[in-house]
Amino acid sequence: MKETFGVNKKGQTVSSFTIKNNNGMTASIIDFGATLTKLIVPDKTGAMRDVVLGYDDVESYENGACYFGTIIGRNANRICGGKVTLDGKTYQMDQNDNDNNLHSGNNGVDKKMWTALSDSDPSQVSFICKSNHLEQGLPGSVTMTVTYKITDDNELIVSYDAVSDMKTIINMTNHSYFNLNGHNSGSVENHLIQIEADYYNPVIDSKAIPTEENADVTGTVFDFRKPKAIGKDINADDIQLKYVGGYDHNYVIKGKSGELRRFATVVSEESGIVLELSSDLTGTQFYSGNFVGDQKGKGGYDYHNRSGFCLEPQYIPNAMNFIPEGSVDSPVFDADEQYHTQTIYKFSTK
């Protein structure tokens, strides 16, 4: 179902597309940023809850700095100094986050209009967008396609495809903030989370660029191999947590990169909603919503720090600057080389 969501500052009409399955689960996505604005799933009583943070108007998405529900591209996460060197040439990107580039800077595809592709299937919708040569400081014109699909197993499948006409960086993700009690339910610190990772990447300092080290989680506050409340250790006396105000670190996911595998499970005891996430990428950024701040969300509800959490499948941050090209863990893609990845968000109840 397509309906008008609003008008952006350029005078373009922004439309919302709602997809659904046969169980009442629905997702709404706008063509500004190919942004997931609503995700409504059943709780343990059968009542429906909207489990992603977001806004009710286009202006808030245009001005927002939290990337609620947006598609991030062409590169997710941070690049040290905003510098990328390809074939001996250094490219300078926006330094929009503590001297580093974050989420592709001010010209990321999260702030662009995407074009919806016609599809008669009410359970899915696809969007296409072009990132022009040097638009983000990176070489090549990249054509990106994202498809959202809901299955009758209560899965939201997000598929990403991209291709460039020059060697460049491609590393896309979705930046949804989840609250399994409902977007208007306050802190997520009581959510139980399990992450299938033996290693995480520490950050160098408060600028949040990770080191090249895969640090063992054993005996640390970063060990989520068994279910643990997000808030259990979040205020511990640990320098890594203090650097970024909580969790904002990449986890190296168990299993073989390039193969779809479950990497996280999150449970809300209150709602009974269980979220299982699967990806074929190297890692995922676990972000505990430390810098949401005080702002108005959907329905006029007040969001604050830790009102939602993010699990963002992607390549290891800054990998283009230390992982060799050609590796399955490298986000460097040659001209005409196909980029494809998929994330599955599966919902159930307990």
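1. Buried here means under 20% relative accessible area, exposed over 50%, and partly exposed in between, with a 1.4 Å probe and protein chains only. The model is a predicted one, in which local features need pLDDT of at least 70 and side-chain atom pairs count only at pLDDT 80 or more, whereas totals for chains, interfaces and linings use all residues. Residues are numbered from 1 along each chain as its sequence is written, and side-chain values use heavy atoms, with hydrogens and water left out.

2. On overall form, the protein has two helices and 29 strands, where helices (H or I, at least four residues) and strands (E, at least two) are DSSP runs numbered from the N terminus. Its radius of gyration, taken over C-alpha atoms, is to be set against a globule rule of 2.2 Å times the number of residues to the power 0.38. For 350 residues a compact globule would come near 20 Å, and the 19 Å of the protein agrees with that. Along the principal axes, the C-alpha atoms fill a box of roughly 60 × 50 × 35 Å.

3. With contact taken as heavy atoms within 4.5 Å, residues 24 or more positions apart account for 64% of the contacts that have a separation of 6 or more.

4. A nonpolar core is a set of buried Ala, Val, Leu, Ile, Met, Phe, Trp, Tyr and Cys residues joined through side-chain atoms within 4.5 Å. The largest such core holds 61 residues, among which L39, Y148, Y251 and F347 touch the most other members. Strand 13 (residues 142-150) gives the largest share of this core, namely five residues. A second, separate core has 14 residues, including F32, Y177, Y287 and V292.

5. F347 deserves a separate look. Once its neighbours within four places in sequence are left aside, its contacts are M25, L39, V41, V51, D153, N154, F178, L180, I273, V274 and L275.

6. The model has 21 salt bridges, each being a side-chain nitrogen of Lys or Arg within 4 Å of a carboxyl oxygen of Asp or Glu. In one of them R78 pairs with D97, with the closest N and O atoms 2.9 Å apart. R78 belongs to strand 7 (residues 78-79) and D97 to the loop between strand 9 (89-92) and strand 10 (101-102), so the pair ties together parts that are 19 residues apart in sequence. Both R78 and D97 are buried.

7. In another salt bridge, K254 meets D198, and here the closest N and O atoms are 3.6 Å apart. K254 sits in the loop between strand 21 (248-252) and strand 22 (261-267), while D198 sits in the loop between strand 17 (192-195) and strand 18 (199-201), so this pair ties together parts 56 residues apart in sequence. K254 is partly exposed, with a relative accessible area of 35%, and D198 is also partly exposed, at 25%.

8. R262 and E276 likewise form a salt bridge, at 3.0 Å from N to O. This pair links distant parts of the chain, with R262 in strand 22 and E276 in strand 23 (residues 273-279), 14 residues apart. R262 is partly exposed, its relative accessible area being 44%.

9. Salt bridges that share partners join D87, K167, E325 and D334 into one network. Within it, K167 lies in the loop between strand 14 (155-164) and strand 15 (168-169) and is buried, with a relative accessible area of 17%. Apart from residues within four places in sequence, K167 is in contact with L86, D87, P139, E325, V332, F333, D334 and A335.

10. D233 is placed in the loop between strand 20 (228-229) and helix 2 (239-244), and at a relative accessible area of 18% it counts as buried. Not counting residues up to four places away in sequence, D233 touches V221, K228, L241 and Y247.

11. Finally, on the cysteines: with a disulfide defined as a pair of cysteine sulfur atoms within 2.5 Å, the count comes to zero. C66 is in no disulfide, and the nearest cysteine sulfur, that of C310, is 8.7 Å away. C66 is buried at 8% relative accessibility, whereas C80 is partly exposed at 38%.
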